[in-house]
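Please keep the model open while reading.

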Amino acid sequence: MAKQIIGAGGGHGGIAAAHLLAKRGYDVTVYERHTRENMGYDWTDIFDKKGFFAAEMDLPAPDKFCLKQDMTFIGPGETIKLQQHTEPDKLEIQMERKAIYDHLIENAERSGVRFVFNCEVEAPIMLGSRVAGIQTAQGAVYADLVIDACGISSPLRTKLPAYLGVQNEVQQYEQFYVYRAFFNKACETKEDKFKVQLLREGKLGISWVAAEEEHTDVLIGRFEPFDLAEVERSVASLRKDNPAIGTEIVRGGQFVHIPVRQPLGVLVADGYAAIGDSAFMTVPIIGSGIANSLKAAKLLCGAVTADAEGAYSAYTLWKYQCDFYKEIGANLAPLACVKLLLTRLEPADLDYIFETGILNADDMTIDADSTSLAAMFSGMTMDDLKTKAGGLVKNVGVLKKILRLGKEIGVATAVTAAMPKTYDPDKVLRWVKSYNACFKH
Ligand SMILES: Cc1cc2nc3c(=O)[nH]c(=O)nc-3n(C[C@H](O)[C@H](O)[C@H](O)COP(=O)(O)OP(=O)(O)OC[C@H]3O[C@@H](n4cnc5c(N)ncnc54)[C@H](O)[C@@H]3O)c2cc1C
């Protein structure tokens with residue numbers, strides 16, 4: 001009989017893993033809290049199309065996506081603009097969230113995945129230290145393996161016993177509180193169609209205003225929760241500089257959370273594997289998580305199929321942990337340190353960094369292949385280096401923060417590389433403690 005696999009929550013990586021495993025003959029059922037029509041948000045996403053290829057899916061029809069626009073980054077004092085200039089073949093794609101779900105679910109259903117919609121997952125069912133199934137609002141379901149794709153607040157990850165080493169809760173500065181809405185377009189925008197402003201009005205976070213054909217996309221993200229009154233105040237302030245933002249919300253208009261932190265230290269337990277936002281696979285400084293989730297699905301599928309006995313223990317699933325950290329996680333960990341730097345910068349520091357070229361438009365041109373710090377700075381010339389160093393030595397406050405960042409990146413990189421190569425509970429617990437300690441604010 002085929003091994004039974006549960007996809008808990010219809011996260012992108014979970015559906016992609018379900019698709020890959022069903023294709024290989026596993027019996028996979030996904031339990032999702034929303035109805036099929038209500039899955040996903042009423043807005044668009046930007047991501048690397050190679051995610052689809054990793055998940056063994058074709059690209060959707062050409063009318064379902066377009067290429068992303070270059071962004072213009074603006075510092076808090078609005079003294080300088082850094083405009084991206086991405087090479088066309090490295091541009092990420094932009095696609096409606098609901099169309100992404102259509103594509104993933106159609107592929108998964110064709111491979112034989114069953115979906116149970118409108119079904120709340122409540123908790124893991126533990127048999128000793130093994131996750132043996134899930135408790136849902138409709139009853140208990142048992143399986144050989146549970147794939148946790150319930151997102152950042154997963155009721156599985158948050159309820160796993162602490163002794164498994166799977167971190168339950170997100171800490172301060174590890175998630176972004178976001179409000180996003182599409183407003184009617186009040187006028188045409190001729191230049192800087194996608195403006196991203198950092199630390200606007202001295203608030204710790206970002207806002208973006210993107211002029212689209214039919215609407216103006218506004219996103220406000222902060223490291224602290226905020227309310228509708230603050231949204232209205234911020235949007236009114238943004239409208240003064242961006243007259244294209246109309247007064248009517250035509251789509252979206254919702255508060256959401258995005259993980260912006262290092263990937264989950266321990267991704268697996270006996271009978272359990274976390275993927276996507278449940279495992280914090282977003283790029284910590286920009287919050288993109290779709291492509292990484294799809295790429296992780298392929299790695300998880302590799303570990304499951306390699307386990308010929310079908311034990312799906314932490315020991316056999318450790319292959320997924322190692323492959324994920326080798327391919328993706330080891331690059332995300334240093335970026336989590338960069339995110340920490342952003343939380344420590346004063347607005348004047350950031351203006352200085354932009355004005356003196358410590359960060360320039362090339363550095364901010366984050367494309368589909370910018371998956372690591374090394375890739376982001378790969379085009380740096382000797383002249384760039386001199387400019388950056390010159391700027392740093394003239395500002396001791398900024399220099400100290402950058403030196404601290406350099407040290408933190410070095411430690412995080414070394415600790416991540418020291419992850420145990422095989423699963424030994426004591427060694428893994430010791431390692432994850434030191435890994436998590438690398439990212440303290
Ligand atoms: C405003 C915003 C903008 C973003 N923009 C981008 C972008 O442009 N590009 C990009 O790559 N990423 C973007 N992201 C991040 C991206 O959404 C995630 O990183 C990515 O979707 C992976 O998360 P996930 O699918 O694992 O989790 P989620 O998207 O959170 O999906 C989890 C799924 O599980 C279901 N679920 C949750 N709890 C339960 C439960 N108890 N029972 C049953 N089902 C449950 C949910 O309904 C949902 O379907 C954005 C996120 C936000 C919030």
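Threonine 305 has its place in helix H5; helices (H or I, at least four residues) and strands (E, at least two) are DSSP runs, numbered from the N terminus. This is a predicted model, in which local features need pLDDT of at least 70, side-chain atom pairs count only at pLDDT 80 or more, and totals for chains, interfaces and linings use all residues. Residues are numbered from 1 along each chain as its sequence is written.

Q: As what does threonine 305 count, buried, exposed or partly exposed?
A: A residue is buried if 20 or more other C-beta atoms, placed from the backbone, lie within 10 Å of its own, exposed if 12 or fewer, and partly exposed in between. Threonine 305 has 13 C-beta neighbours inside 10 Å, so it counts as partly exposed.

Q: What distance separates the C-alpha atoms of threonine 305 and arginine 24?
A: Along the chain, threonine 305 and arginine 24 are 281 residues apart. Their C-alpha atoms are separated by 8.3 Å.

Q: How many residues of domain 2 are in contact with domain 1?
A: The bounds, 4–67 + 91–171 + 265–330 for domain 1 and 175–259 for domain 2, come from an automatic or database domain assignment. Contact requires C-beta atoms, placed from the backbone, within 7 Å. Domain 1 contributes 9 residues, and the number in domain 2 is 10.

Q: How far apart are the end C-alpha atoms of helix H10?
A: The expected span is 1.5 Å times one less than the number of residues. For the 22 residues of H10 (396–417) this should be 32 Å, and the end C-alpha atoms agree at 31 Å.

Q: Which helices do the buried residues of H10 pack against?
A: In H10, Val398, Ile409, Ala412 and Thr416 are buried. They cover an arc of only 75° around the axis (taken from the directions from the helix axis to the C-beta atoms), which puts them on the same side of H10. On the other side, Lys400, Leu403 and Lys407 are among the exposed residues. The buried residues pack against H6, H7, H9 and H11.

Notes:
Contact = placed C-beta atoms within 7 Å.
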